There are 2 protein chains.
Amino acid sequence: MKQKITLKKIAKEFGVSISTVSKALKDSHEISSEVKEKIQAFAKYYHYKPNSLALNLRNQKTKTIGVIIPEIVHHFFTKVITGIEKLANEKGYNVMICLSNESYEKEVLNLDMLANGVVDGIIASVAKETESKEDYRHFTELINNGIPLVMFDRVVDEIECNKVIADDKGGAFLATEQLIKNGCSNIALVTTPDYVTVGLERKEGYLKALKEFQIPENIELIVTIDDQKSIEDQLSFLFRGNNIPDGIFAVNEIYAATVMKVARKFGYSVPEDVEVIGFTDGLISEFTSPSLTTVAQHGRSMGQKALELLLDEIDSQEAHYQYKTNLIQTDLKIRNSTKKVQLQN
Amino acid sequence: MKQKITLKKIAKEFGVSISTVSKALKDSHEISSEVKEKIQAFAKYYHYKPNSLALNLRNQKTKTIGVIIPEIVHHFFTKVITGIEKLANEKGYNVMICLSNESYEKEVLNLDMLANGVVDGIIASVAKETESKEDYRHFTELINNGIPLVMFDRVVDEIECNKVIADDKGGAFLATEQLIKNGCSNIALVTTPDYVTVGLERKEGYLKALKEFQIPENIELIVTIDDQKSIEDQLSFLFRGNNIPDGIFAVNEIYAATVMKVARKFGYSVPEDVEVIGFTDGLISEFTSPSLTTVAQHGRSMGQKALELLLDEIDSQEAHYQYKTNLIQTDLKIRNSTKKVQLQN
DNA sequence: TTTTCTTACGAAAACGTTAGAGTGAATTTT
DNA sequence: AAAATTCACTCTAACGTTTTCGTAAGAAAA
């Protein structure tokens, strides 16, 4: 194993001081060109690179940013990461990814670890468990410690920091509106428990659309999925009564894809009998049959924007930095789970 | 912004030396219990945590491992990461993820960056571009610098290091064999260019099965996909001639899902007219219709095994460490894109 | 009483780097 | 010739921690 080359070793080699070497490599005018040249040549030959750990310690920064996400096996989050990573690389930052696995405890642990000087700032989307516990002290403490934080997608109102969210309500409205304009009047919603903020937002968008088009809301058409149990079973009852929905809006891809599966099982065809719209950036939508009309979330843009805000805060010298909340537009990606109706606008 | 609390500050508070504080917090017997108690109480109250950067520098290790993957928007890789991350957390390691985006240059950059003391070891899957260039000097240099490296999935034979690979050939054999036993005799292969090692392995498994069952191989049934062009277009010709395949084995999920889409477009139904098997751990397979029979790769196990090997090497003191190559078994996950034939074994 | 041994702490080096302050010698200015 | 300036370096502190070594004071042993 080749020993790492350091300033000290180079200094010894030439019988000069460490600072001379350091300055020579920085092309300082304090050093004679003769000495500079030989030192630089030597350093180049041995691939000298300043030790990052030493620089981190000295500069009190790591040029690394931490990302905490609930799940990585999730297309939306990987899209966000792609956005973060790309910009980070351009700006010379590394990305450290931590998974909370939707667990409060692990989120706290991750935050704790990252806060300890490992990263210059953090981008996070909060775990479902944390949302249900409503305990956000770990985030507050982070901010008190002066570590820049940007929340994305699943954000919490009580925390003051930069935020990036998708226009969940708007997207849900768009989807529901589309179903209505396509002629649906008995529109079901498949959603998450209310503590999942994005689910709640999307439900509100759905309700808003119903109201605007004067369709009475019907509790029986709102299915709240418990992820612990079989999704298919929970969806079955939608197709059992004598009031089968003609349109279904699902707040994520899995729910939407599953709903189509169940509909087919009950002998209904999509989109002829039931139209379905999902909410996602996911891959599945393209490959279901029929392919799934969805509300696109633009995960990459979210990631990129989140990092922009973070770097903005990191670089900011202002005593009273003004936090921003950035809304990423969502829009409909029409595929084949909805009818191709000529809309007269 | 609350100032970070350090040993120095605690020392000042009590008018003792830094070393006393350090020792007190470590419960050293050299310090009187009286002093220890008050220092510990104080430290606890102010949430003292040793600064990671300083520890990194002093210990010459970071308790962080780097992972370089070609793509994160890819279910297989996220599974691997999940496996790595879980074990890493148990062992007190952090995970730093870098994306090469299949680019040689970015892979070199990432490696360079990680090599500089940022991580204690690296787990990598090589970029397609690197595979096609066959230039692996950046990996060699890494090893020369004494940084433990584990390659997974897309590994390179020339590099001596720990490796974890899926039994690609075996899995492909299994898939092809299944098709044959189901009665297919005109079996197509949809694969990547040969420089993608895993693609090549899978092709070999396919060929081996054909040979073993004495089915002549037919060049016309082997489609090599160029990812730059439309996948659908490249697959169309399979269904145009008068020699339509009755079985198709695709080396990944997207190809398999697309093949089904194209088959349907040409009026063939799966699995009645054509049976299809993919190779993946992906999510899509469950939601296509019919759902896709696949060769499961066990990404999580790969990730976990890769980290095990890495930690093994990191912890190893031996001058001549013996590298291992670990083969992760693959197996068939039968869904509905293949016929349910009663096999008489 | 002198020597040895504990006890309880402090000093210093080390990890690798940077940057400001210092220094002796040569050169220029007055 | 004395004073000031420039040159080309070196020294030192600092980032925060750990750990080995040193040492003063008091206790125990001789």
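## Surface near DNA strand C

The residues of the surface near DNA strand C comprise 10 nonpolar, 9 polar and 8 charged ones. In this classification Ala, Val, Leu, Ile, Met, Phe, Trp, Tyr, Cys and Pro are nonpolar, Asp, Glu, Lys and Arg are charged, and the others, Gly among them, are polar. The model is predicted: local features need pLDDT of at least 70 and side-chain atom pairs count only at pLDDT 80 or more, while totals for chains, interfaces and linings use all residues. Residues are numbered from 1 along each chain as its sequence is written, chains are lettered from A and ligands numbered from 1 in the order in which they are written, and side-chain values use heavy atoms, with hydrogens and water left out.

Around DNA strand C there are 27 residues, of which A:Lys23, A:Tyr48, A:Arg58, B:Thr20 and B:Lys23 come nearest. A residue is near a strand if one of its heavy atoms lies within 4 Å of it. Of the atoms of DNA strand C that come within 4 Å of the protein, 60% belong to sugar and phosphate.

Several elements each supply at least two residues of this surface: helix H1 (7–14), helix H2 (18–25) and helix H4 (52–59) of chain A, together with helix H2 (18–25) and H4 of chain B. H2(A) gives the most, with 4 residues. Helices (H or I, at least four residues) and strands (E, at least two) are DSSP runs, numbered from the N terminus.

A base oxygen of DNA strand C is 3.4 Å from a polar backbone atom of B:Arg58.

| Residue | DNA strand | Distance to a phosphate oxygen |
|---|---|---|
| A:Ser22 | DNA strand C | 3.1 Å |
| A:Lys26 | DNA strand C | 2.9 Å |
| B:Lys8 | DNA strand D | 3.1 Å |
| B:Lys26 | DNA strand D | 3.0 Å |
| B:Tyr48 | DNA strand D | 2.5 Å |

## Surface near DNA strand D

The elements that give two or more residues to the surface near DNA strand D are H2 and H4 of chain A, with helix H1 (7–14), H2 and H4 of chain B. H2(B) has the largest share, 4 residues. DNA strand D is surrounded by 27 residues, and the closest are A:Ser19, A:Thr20, B:Leu7, B:Tyr48 and B:Arg58. Sugar or phosphate holds 58% of the atoms of DNA strand D within 4 Å of the protein, and bases hold the rest. By residue class, the surface near DNA strand D has 10 nonpolar, 9 polar and 8 charged residues.

## Contact between the protein chains

Between them the two chains bury about 4,500 Å², 58% of it on carbon and sulfur atoms. B:Leu53, B:Asn116 and B:Phe287 supply 17% of the area that chain B buries against chain A, more than any other three residues. Buried area is the accessible area (1.4 Å probe) that two parts lose on being put together, summed over both.

Polar contact joins 13 residue pairs between chain B and chain A, both residues at pLDDT 80 or more.

A salt bridge is a side-chain nitrogen of Lys or Arg within 4 Å of a carboxyl oxygen of Asp or Glu. B:Lys106 forms one with A:Glu85, with the closest N and O atoms 2.9 Å apart.

## Within the chains

Over all chains the structure holds 32 salt bridges. In chain A, A:Lys128 pairs with A:Asp227, the closest N and O atoms being 3.1 Å apart. This pair links distant parts of the chain, 99 residues apart: A:Lys128 is in helix H7 (residues 128–133), and A:Asp227 is in the loop between strand E7 (222–224) and helix H11 (231–236).

The domain assignment of chain A, from an automatic or database source, gives domain 1 (7–50), domain 2 (62–165 + 299–328) and domain 3 (168–297). The centres of domain 1 and domain 3 of chain A, taken over C-alpha atoms, are 66 Å apart.

Methods. A polar contact is a pair of N or O atoms within 3.5 Å; within protein, one must be able to donate a hydrogen and the other to accept it, and residues adjacent in sequence count only if both atoms are side-chain atoms.
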